[in-house]
Amino acid sequence: KLLAQVAMAFARQHLTSTPVVGKVVEWKKTHGWIEPECSIDHPDIGKHQGHIFVHGEDIVPKWRGLVAGSMVEFILYFDGHGLGAEECMARKVLRVTLAWKQAQDLFGADGQGLAEFEAKMQVSIRAYQWCQMDGTNSDLPFLLFEIWGRPQAVVETIDALAMKREDSKDSETLCVNLLLPESRLWKVDLFQLQHFGGLEVSSSITITDPMPCRTLTLQAMQPNFRSALHALIAQACD
């Protein structure tokens, strides 16, 4: 009877039916900690600086290491010891640059429409602009948007952000500028991607901060545009 009571005390109680999104703040080979993006109403959330515990057994696939700074989604549980992450899956990321006017047309002058767009597309988006040392805006003509999510959601989001050109009554060409880290460029099979449409990689580095990146311009008709993005995610996003 005592063993049964102990087992019941430590049984996992799922607190969410839909995935919670968070950022990995620490990983120690077998376990780590996640900072949730949303507020969590639970007495134990104050423990461990508000971070959620995750074990290698609960990662999809099991024991695949997580990287600090990456985005994940998970089912939140309570097991008597504290809050934990179950069915934890790393989100994929692609980086898109948008001209200032295009970004403002999409999300408003102050980005007020970004949160609604995130919720609609079921992704997490980080927007960045560059500033000079004195705090003034840089002369870069674009904003950077990091799009984190499941592959299908990332592809659908970039599809919605891409510039569209009507080629005829029945066809539409989509064009997008992606930023690809130099450290990932060697993983990309440019020959395969060119089967889907036009592809061009900048000859020089586009940005150096926070990491050296080149611009990869993709231009293709539907559904080849989405197929190319799926292929790029499979190649370059671990």
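Four aromatic pairs turn up in this structure, which is a predicted model. To describe a pair of aromatic rings, we give the distance of the centres and the angle of the planes. Take Trp130 and Phe142. Their ring centres are 5.8 Å apart and their planes stand at 80°, so this pair is edge-to-face. Where do Trp130 and Phe142 lie? Trp130 is in the loop between strand E8 (124-128) and strand E9 (142-149), while Phe142 is in strand E9, so the pair ties together parts twelve residues apart in sequence. Trp130 and Phe142 are both buried.

Staying with rings, Phe107, Phe117 and Phe145 make up one aromatic cluster.

Next, the nonpolar cores. The largest has 37 residues, and Ile158 and Phe225 are the ones that touch the most other members. Several elements supply at least two residues each, among them strand E7 (92-99), helix H4 (151-161) and strand E13 (213-221). Helix H7 gives the most, with seven residues. If we leave out residues up to four places away in sequence, Ile158 touches Leu94, Val96, Ile147, Val176, Leu178, Phe225 and Leu229. There is also a second, separate core of 16 residues, including Val20 and Leu83.

Last, one histidine. His51 is in the loop between strand E3 (31-36) and strand E4 (52-55). Is His51 buried or exposed? Its relative accessibility is 17%, and buried means under 20%, so His51 counts as buried. Beyond its neighbours within four places in sequence, His51 is in contact with Val25, Trp33, Ile34 and Glu35.

Technical notes
Residues numbered from 1 in each chain as written. Predicted model: local features only at pLDDT ≥ 70, side-chain atom pairs only at ≥ 80, totals over all residues. Heavy atoms only, no water. Phe/Tyr/Trp six-rings, centres within 6.5 Å; stacked < 30°, edge-to-face > 60°. Helix = DSSP H or I, 4+ residues; strand = E, 2+ residues; numbered from the N terminus. Buried < 20%, exposed > 50% of the residue type's maximum accessible area, 1.4 Å probe, protein only. Contact = heavy atoms within 4.5 Å. Core = buried A, V, L, I, M, F, W, Y, C linked by side-chain atoms within 4.5 Å.
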